[in-house]
Amino acid sequence: MIFQTKLDFTQAPGTIMHIDLNSCFATIEQQANPLLRGRPIAVAAYDSPNGCIVAPSIEAKQLGVKVGMRVREGKLLCPGLQVLPPDPVKYRIVHLKLKKLLQDYTQQVFPRSIDEFELDLAGYPAYTRGMMVVGREIKQRIKAEIGDHLTVSIGIGPNRFLAKTASNLKKPDGLEEINRENYQAIYQQLVPTDLTGIAGRNTRRLNLVGIQSVWDMYTAPFAHLWTAFHSIGAYYWCLRLRGFEIDEVEWGRKSFGNSYALPIAYDKPEDLSPILTKLVEKTGYRLRHHHYACRGIHYAVSFRDGDFWHQGQKTKDLLFSSREIYQKIHQLFIRCPYQKPVRNMAVSVFNLSPKDDLQLDLFGGTIKKENLYLALDEATRRWGRFAVTPARMMGTDNNVVDRIAFGGVKEVEDFITQ
Amino acid sequence: MIQTIDAPISVITAYNHLTSQFIPVKLKWHSREYTIITIGFHHHYRQGRTLFHVFSVATEEMFFRLELDTETLMWRVTEIADDLPN
């Protein structure tokens, strides 16, 4: 590959807009309950002292509460902190309303997570009105049409990466652009960790070659970047910072999976097995709902002491029934050599094929099995999730509850319409 | 303080045919009548085929999460909060 490294900042106009809903879950809770507005609140996976804070409100952030902190730590920093459990349905509805609103400006709307969208306005009439004008209008419409308490930070740039970087420049409620005129001034203010994708280890590598700021990174000879990253990543950073697009990748569906962070540290198979069943039931239903079958299964478990064990297996037959998937995953489950308190369990299926490719077998009764699962899934659609469940799942009503997946927004519509 | 419950509740609603808006305006809880001042958020979800409409509403000093089962047309209150922290 030939690296073209002597490049100036791109001449391309800023047609990409990145929209980030500020303190998403917490702000939506404050939108729903006006009595919480102006107060430090946090949405946490569990409201117990060890629960993980997933979204502090803007007021809580100002007092030092951060994502990833334990509830206990948050309350130490902010004794009046109101902790709320997540309400995924509400967040998905806001996501869908926002998506619908943004589609008035362009059909090139790409959800990046539950609270982040990318828009490409190139070639759409809205672009001719000016990106800043459109940005301000979107902010006003969100307040008028979705919720008066909701604020978004909007970034504009010539590529996805710079649009996202611009959206991080001012929070909350920002509207910023990185372009040919201002990139130098902005890069001089930023350190490498301000860039999405650069954390501690990469910063140390950059520091070793004398790069302290993003401006240093931009002006450094390519050889220095190569020395720091030792990979094609060096070239990608070179292009990103110059406004060239290299992140326009849409990932297809490769697997289905569900995981669960246990609030109680179970270690015995008889306690963990019903949770495993529920995880498999959820995964199996999603697999069939999207008309897939699989030829691979995977089980992963992490323990309270920090240990981790996982195993995957390819299967000879195409699997689609939750029962078969459970049988295979259970074999992995009992192979785990450790019996100690569990923090997290995860199951997934991979090597997907369309379910229409099912091979009829002479003795196995594939059609009978398929019809049975069609009936079971129909009962689920009529009566709701877990209308019919295996007896193994008894006692798991409060386990494996609905959660928002980090980054994954492929099935948001399904949750609302089902 | 926020309290999660699940109980039937009496709700007075209004429908405006010009704006196609359907909103709860008053509710009666524990023999006391509350006038709804703000509808913070309205959303819906499905449980199987049954559609539920959820109204997060605030009165002068209380918050109620009201759910309307569109199959039975019954209202339930699923969350109550006052403006005191937990």
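**Chain B, then a helix pair**

Tutor: A compact globule of 86 residues would have a radius of gyration near 12 Å, and chain B agrees, with 13 Å. That radius is taken over C-alpha atoms, and the globule rule is 2.2 Å times the number of residues to the power 0.38. This is a predicted model: local features need pLDDT of at least 70, side-chain atom pairs count only at pLDDT 80 or more, and totals for chains, interfaces and linings use all residues. Residues are numbered from 1 along each chain as its sequence is written, while chains are lettered from A and ligands numbered from 1 in the order in which they are written.

Student: How many helices and strands does chain B have?

Tutor: Chain B has zero helices and eight strands. Helices (H or I, at least four residues) and strands (E, at least two) are DSSP runs, numbered from the N terminus.

Student: What box do the C-alpha atoms of chain B fill?

Tutor: Roughly 35 × 30 × 25 Å, along the principal axes.

Student: New topic. At what angle do α10 and α11 of chain A pack?

Tutor: About 130°, with the axes of α10 (residues 222-229) and α11 (residues 233-241) 8 Å apart. Axes are lines fitted to C-alpha atoms, for helices over the stretch in contact, and angles run from 0 to 180 degrees between N-to-C directions.

Student: Which residues of α10(A) and α11(A) meet?

Tutor: F222(A), L225(A), W226(A), A228(A) and F229(A) in α10(A) meet G233(A), A234(A), W237(A) and C238(A) in α11(A). Contact needs C-beta atoms, placed from the backbone, within 7 Å.

Student: What about chain B, how much is buried?

Tutor: 24% of its 86 residues. Buried means 20 or more other C-beta atoms within 10 Å of a residue's own, placed from the backbone.

Conventions:
Contact = placed C-beta atoms within 7 Å. Buried ≥ 20, exposed ≤ 12 C-beta atoms within 10 Å, placed from the backbone.
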